[in-house]
Amino acid sequence: MTADEAETANDGPVVFVNRFTLRCPPEVFEKVFAETSAFVAKQPGFVQFTLLGHVEDRNSYVNVAHWRDAASFRRAVSHPDFKPHAEALRAVSTSEPNLYTCRQTSR
């Protein structure tokens, strides 16, 4: 088994966290985001997302998306049909995307 195969074999749930700073009105960003999320929601391995708007800064948003595994996330964002969505988001915002695994949780 290669290192890549071992990583995939142990690949569990991941959370994608992306902080957005807008360069447009919030309504425009939310429309673009809704179109992107409609595409992403159809991808294998996608579980759910939550788009959060900052309480005091109308130009700051955070997307928290849950995926079955990192491989599913990577396939979705490397899909050729995802490129126009990524470009549309980059046209209206800057972002800080990161992928995480859960280390602790509460019930």
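This is a predicted model: local features need pLDDT of at least 70, side-chain atom pairs count only at pLDDT 80 or more; totals for chains, interfaces and linings use all residues.

Residues are numbered from 1 along each chain as its sequence is written, and side-chain values use heavy atoms, with hydrogens and water left out.

The protein chain holds four helices and four strands, where helices (H or I, at least four residues) and strands (E, at least two) are DSSP runs numbered from the N terminus. Read from the N terminus, the order of elements is α-β-α-β-β-α-α-β, and the C-alpha trace spans about 50 × 35 × 20 Å along its principal axes.

Helix 2 (residues 26-40) packs with helix 4 (residues 83-92) at an angle of about 165 degrees, their axes lying 10 Å apart; axes are lines fitted to C-alpha atoms, for helices over the stretch in contact, and angles run from 0 to 180 degrees between N-to-C directions. Helix 2 is therefore roughly antiparallel to helix 4, a term that applies to angles over 145 degrees. The contact (heavy atoms within 4.5 Å) involves these residues:

| Helix | Residues in the contact |
|---|---|
| Helix 2 | Val 28, Phe 29, Val 32, Phe 33, Glu 35, Thr 36, Phe 39 |
| Helix 4 | His 85, Ala 88, Leu 89, Val 92 |

The largest pocket has a volume of about 380 Å³; a pocket is an open set of points on a 1 Å grid, tested with a 1.4 Å probe, with protein on both sides within 12 Å along at least five of seven lines, and lining residues have an atom within 4 Å of a point, while the volume is the space filled by probe spheres set on the points. Of the 21 residues that line the largest pocket, Phe 16, Asn 18, Phe 20, Phe 82 and Leu 89 are the closest to its centre. Helix 2 gives the largest share of this lining, four residues.

Definitions and conventions:
Angles under 35 degrees count as roughly parallel, over 145 as roughly antiparallel, 65 to 115 as roughly perpendicular and the rest as oblique.
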